[in-house]
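I opened this entry to look up the charged pairs first, then the nonpolar packing, and finally the helices with their ends.

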Amino acid sequence: MNKRTRRLLGDCLIALILALGLAFVAYQVLNNQLPYRFALFLIPLIWLGLRQGAPAAILTGALAGLGVGWFIGQEHQWLPLILRYLVPVMSLVLLGLFTKNTQKTLNNRRYSSVYLNIITASILVSVVYYLLAFLLASYLLQASNQFSLTSLNFWLSCLLTGLITGGILSIVARLWPKLIIPPHSRYLSRKETSSLLND
């Protein structure tokens, strides 16, 4: 196992642990006290996607989704578990549109473009996640749903989750760029990578 593979597995493990921890906080604390549904476990998964690419984020998100649904959401029937917790993490595939550009603009210190990429990615992933998790799943399962497309709380939940995620990851990118760009990133040329490591 080479260094890149070990680093990738390490990042996936960190994202998985953080996702489960944040999901517990959101489900047990925030979502019980506020009229909004915060999908805070998306924060480390979006970070992982921007750092290592969408495939790593999707696979880790699937494991996180199973964990969240089974242990925190107490969903022990396979069809609802898949529709409510596994299918929605497919929204992370959208990160494939942003990873390379985010790392290149961050490497070149074009921070306004970095923020735009991160915040746009976070909001898009959040909106698609909410559409799949709360509306499509409920429709396919013919289950009651607290949200609808015309619900203000639904859209506020989407946007707040996306903005919180985008804001946190933008701060991380500005203060600790190496947490977004791994050593020898496959999204940067050898020359770009060496200049980053020499900073």
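Salt bridges. I searched this predicted model for salt bridges and the count came to 1. The partners are R51 and D11, whose side chains meet at 2.7 Å, N to O. I noted that the pair links distant parts of the chain, since R51 sits in helix α2 and D11 in helix α1, 40 residues apart.

Nonpolar core. I looked next at the largest nonpolar core, which holds 47 residues, and found that F41, I46, L92 and L95 touch the most other members. Two or more residues come from each of α1 (3-33), α2 (42-52), α3, α4 (78-86), α6 (111-141) and α7 (152-175), and α6 gives the most, with 11 residues.

For α3, residues 54-72, I listed the buried positions, among them A54, I58, G61, A64, G65, V68 and I72. I kept in mind that an α-helix has 3.6 residues a turn, so residues three or four places apart point the same way. Just after α3, Q74 takes a positive phi of about 55 degrees. In α5, residues 99-107, the buried residues are T99, T102, Q103, T105, L106 and N107, and this helix is followed by R109, whose phi is positive as well, near 60 degrees.

How values were computed. Residues numbered from 1 in each chain as written. Predicted model: local features only at pLDDT ≥ 70, side-chain atom pairs only at ≥ 80, totals over all residues. Heavy atoms only, no water. Buried < 20%, exposed > 50% of the residue type's maximum accessible area, 1.4 Å probe, protein only. Helix = DSSP H or I, 4+ residues; strand = E, 2+ residues; numbered from the N terminus. Core = buried A, V, L, I, M, F, W, Y, C linked by side-chain atoms within 4.5 Å. Salt bridge = Lys/Arg side-chain N within 4 Å of Asp/Glu carboxyl O.
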